[in-house]
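Colleague: Could you walk me through this one? I'd like to ask a few things as we go.

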Amino acid sequence: MGKMKKLFRYENIGILFVFPAFLYMLIFVGYPIIRNIILSFQDVNAGNLVKGTKNFILFDNYMELFSDNVFRSSLSNTLRYTVLCLVFQFIIGFALALFFNRKFTLAKPIRGILLVPWMIPVTVTALMFKLLFATDIGVINYLLRSLHLIDTNVEWLTTPGTAMFALICANVWIGIPFNMILISTGLTTIPGELYESASIDGANKVQTFFRITLPLLKPTVESVLVLGFIYTFKVYDLVYVMTSGGPVNSTHMLSTYSYKLSFEMFKYSKGSAVANVLLLILLVVGMSYIKITTEGEEK
Amino acid sequence: MKKKKIVALLTALAVTIGLFAGCGAEKETEDASGTASNTSGESQPEESEPEVSEAEEASAGEAVTIWYYWETEGHQVALDQVIQDYNASQDKYEVTAKYVPFADFKKQLSIGASADELPDIAILDSPDHASYVDMGIFEDLTGKFDVGSYYEGAVNSCTVDGKLYGVPFGVNCLALYYNEDMLNDAGCKVPTTWDELKETAKALTTESVTGLALCSVQNEEGTFNFVPWLWSTGASSYDINNENGIRALAFIQDLVNEGVMSKECINWTQGDVMNQFIAGNVAMMENGPWQIPTMQAEAPELNWKVTLIPKDSEYSSVLGGENYAVINGGNVEGALDFLTYSTSEEQVKFMMDKFGYISANQSIAETQFEADSPYQPFVEELKYAMPRGPLAEWPSVSDAISLAFNQVITGTATPEDAAAEAQATIDSIVK
Amino acid sequence: MDGEKRLSRRNNIILCIISLFILCLLLFPLYWALITSLKMEREIFQNPPTFYPHILNLQSYAAQVETGDFNMFRSFANSFLISLGATVIAVLLAVPASYGIARYYFKGRKFMLLAFLVTQMLPVSVLLTPMFIMFKNMHVYNTWIAAMLADATIGIPFSILILKNYFASIPKDLEEAAYLDGCNRFTAFGRILIPIARPGVMVCAIFSFLYAWGDLAYGMTFILDQEKRPITAGIFNFMGQYGTKWSYLTAFAVVTIIPVALIFIFMQKYIVSGMTSGAVKG
């Protein structure tokens with residue numbers, strides 16, 4: 001009975017709430033993760049996918065990656081892309097959330113409409129941006145030329161550096177509503193009384209922002225950033241459609257390279273290894289998140 | 001107090017179970033409605049078999065499934081017509097066709113192979129054929145099919161180690177389209193050599209028009225469009241780092257540097273190139289015969305003609321098209337029976353005509369078109385067309401070639417460096 | 001922050017104008033999609049680009065209704081069912097889970113939180129094959145359920161991460177008051193906490209829905225029959241081996257946005273009221 005009692009400790013009831021979701025994810029994603037790890041230690045390609053022996057070659061795939069130029073550039077591309085996207089979409093999204101939190105007539109309808117970029121399949125968005133960034137017929141070049149910001153057309157998608165810029169623009173465009181809505185939702189959890197008492201105490205807007213809004217929004221901000229990081233880091237559709245990793249592999253990401261290895265070049269194990277490197281980096285991010293958020297909250 | 005806790009716990013369990021039961025029940029109802037929608041697919045009753053490979057004995061006959069990737073409505077309708085006629089002609093087999101998008105086709109075959117969930121027939125892009133033969137999912141058709149009258153290159157694309165693993169569906173190749181009005185206005189003749197091509201392209205290039213366009217995306221499609229130039233110098237796909245290979249790369253780089261070919265070509269698929277051509281932004285393009293129906297429909301007033309791809313030392317083109325492959329372990333007899341039907345002259349003529357394809361069967365192809373048909377130059381060009389591969393590792397070789405090609409277009413490498421790098425990659429694949 | 005203050009009429013007008021400006025700026029790509037869909041294919045390729053269609057072309061919209069064996073209305077219904085199913089699964093599982101994580105400091109809590117995050121860390125491409133094998137064994141391959149189950153795996157961890165903050169921000173006094181009124185933990189959760197967290201739940205439902213709505217990879221891979229595929233599958237009619245048909249493609253984008261946008265506008269009152277009343281009066 002004592003043991004039972006311990007098991008039924010107040011806090012452990014929480015498991016019952018969490019368990020169904022946990023089990024669901026374990027079944028549907030846990031198995032793929034384990035299978036993928038095993039695959040990355042084997043030598044599976046077109047020849048032995050269906051029949052033939054799959055040899056365990058342990059870390060050979062991973063070792064091979066380190067001498068692979070495309071892998072190295074995809075790794076640095078992915079990091080650069082993720083950080084830049086995150087910075088811009090978060091700042092703009094945050095600013096818009098604060099802006100639309102003010103109670104003017106159009107605040108709510110427009111905030112709602114701004115969610116529209118989220119209703120378009122990413123593949124379509126990517127194609128739209130490809131059209132906008134086209135060199136000769138693209139409207140972005142046309143507008144820049146009309147404003148006399150450029151003299152000759154910029155070859156956005158055919159020059160390595162600017163192609164990355166175009167990708168980031170497209171991703172930020174999708175990411176702004178995401179950040180804005182989630183932060184707006186977070187703002188509703190801050191009691192209005194706090195602001196009232198702050199203004200009675202004579203705090204100015206900047207002070208209220210840093211003393212009240214930001215600290216109380218911390219959990220939301222942390223969640224939004226970690227989710228944003230994960231989703232941006234494994235970007236696939238957008239890059240595949242807009243640049244397919246080009247020009248000259250300059251915008252390959254870990255996910256697009258993994259796809260290319262697995263499904264275009266039939267190097268399944270190597271593709272899995274790339275995906276696992278991606279997972280490993282995100283695992284570090286995830287663990288830091290857990291450490292930061294749960295620090296000091298345990299009784 | 002204790003009692004309360006136990007009640008709470010039981011409630012929690014009930015909630016948990018309820019959640020699962022809820023989901024389970026939902027699954028079942030969805031399943032039922034899923035099946036219901038299956039059977040109510042009236043427009044295409046032949047597509048309503050839920051689990052084809054397991055449906056051994058359907059009332060209408062043994063199931064035979066086909067996967068194909070043509071999204072063009074005309075193609076789908078034509079194939080569907082042949083299938084319906086076949087199904088009506090006998091009652092032993094019931095053929096159904098499933099559309100799998102081109103971008104997903106290789107992936108779906110790979111996944112299907114892992115999960116043992118494949119069709120009975122796949123109609124696939126010819127350069128990929130050897131890889132799937134290597135995977136061991138295709139049936140050996142040697143001696144079961146007479147391909148004697150087919151184009152040699154097409155037969156080669158589905159032959160591995162002397163064994164036949166497929167039947168060519170239809171063939172195509174690339175040739176040079178030119179805007180006749182632009183050529184006349186500029187007072188140019190139809191180019192036949194590289195030098196003439198460059199001169200003509202220069203003369204045709206204006207403020208809003210570039211002389212030449214060819215799809216240069218960094219994938220198989222780009223390789224497809226580049227190898228005719230490579231082969232024309234006498235270089236092979238596996239031997240690039242030599243004078244010939246470098247000359248081909250340098251020629252393309254030169255076209256871009258001179259401004260007669262747009263760098264944007266690296267983002268243009270063959271369809272995009274065609275759209276640029278019919279919009280009048282491009283005066284000449286390298287493209288295939290399958291564009292002709294679209295061009296005739298979308299730009300009927302445009303005055304264009306087709307000629308051989310200009311040569312360096314010899315005329316050259318690349319063989320494209322699809323092959324039928326029969327999956328082993330599936331309904332092989334049924335698949336073969338359907339293939340026999342669909343490769344008969346009458347059916348081939350019907351489909352090729354609707355597709356804008358050239359029959360892979362040379363005896364049919366030679367009488368397929370009128371002498372003044374825009375397709376006729378492609379039949380001529382086919383004499384110079386060679387297949388890619390066949391090689392199980394072709395995707396990796398192709399990747400190296402398209403990378404080199406893209407490097408010179410974007411100016412990120414000299415032809416010499418690009419050729420050397422590609423050669424190093426190719427040597428590590430092909431010993 | 002200035003939320004509770006009344007705005008003067010002048011400020012209200014200024015803010016409205018600024019917000020309209022932001023709207024135009026951010027939705028310019030959508031405007032471009034709209035006018036592109038109304039242009040002839042040749043006008044799209046004109047240099048310089050035109051800002052309104054000089055020749056109106058409605059052909060691209062006619063083509064949406066039925067192309068080959070793709071039927072837009074049927075695909076729309078499929079997408080709607082799949083997304084709704086995925087949303088229901090995600091919300092049913094994620095709402096209790098996020099409450100559990102926010103309120104109870106049980107053993108393994110950190111591990112479970114990390115586990116939920118880990119499930120989002122693999123690119124979709126490597127999940128496809130093992131999921132496919134699983135769905136085949138579950139006999140749901142080539143049905144909507146496969147896509148639903150797969151799509152819910154995106155919505156669940158997302159919702160848990162967002163909602164746990166919500167539940168954590170609700171003062172404990174409220175729950176304790178409920179216990180005094182005779183509620184147990186589960187009835188308190190259902191009667192007191194969920195209503196308070198409604199804006200959060202709504203947002204999670206919306207995002208779960210939209211994740212499923214925009215999904216292409218799962219729907220294409222796990223469903224082979226064209227008549228059961230989601231609306232996103234339609235994109236392949238206009239973007240494929242034979243190049244991109246821009247007018248058709250952008251018309252497709254417009255057509256896919258409209259119904260969802262209408263649902264959201266219709267539900268706007270509900271969402272917005274949730275957002276305003278949701279503020280917890282501590």
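This is a predicted model: local features need pLDDT of at least 70, side-chain atom pairs count only at pLDDT 80 or more; totals for chains, interfaces and linings use all residues.

Modeller: Residues are numbered from 1 along each chain as its sequence is written, with chains lettered from A and ligands numbered from 1 in the order in which they are written.

Colleague: Which strand order does the open sheet of four strands in chain B have?

Modeller: Strands here are DSSP runs (E, at least two residues; helices are H or I, at least four), numbered from the N terminus. Two strands pair if DSSP finds at least two bridges between them, and strand 8 (210–214) and strand 10 (304–307) of chain B each pair on one side only, as edge strands. The pairing is mixed, and the order is 8-9-7-10.

Colleague: What is the bridge partner of Tyr177(B) in strand 10 of chain B?

Modeller: Strand 7 (residues 175–179) of chain B runs antiparallel to strand 10 of chain B, and four bridges join them. Within strand 10, the partner of Tyr177(B) is Val306(B).

Colleague: Is Val379(B) buried or exposed?

Modeller: Val379(B) sits in helix 15 (residues 376–382) of chain B. Buried takes 20 or more other C-beta atoms within 10 Å, exposed 12 or fewer, and partly exposed is in between, with C-beta atoms placed from the backbone. Val379(B) has 20 such atoms within 10 Å, so Val379(B) is buried.
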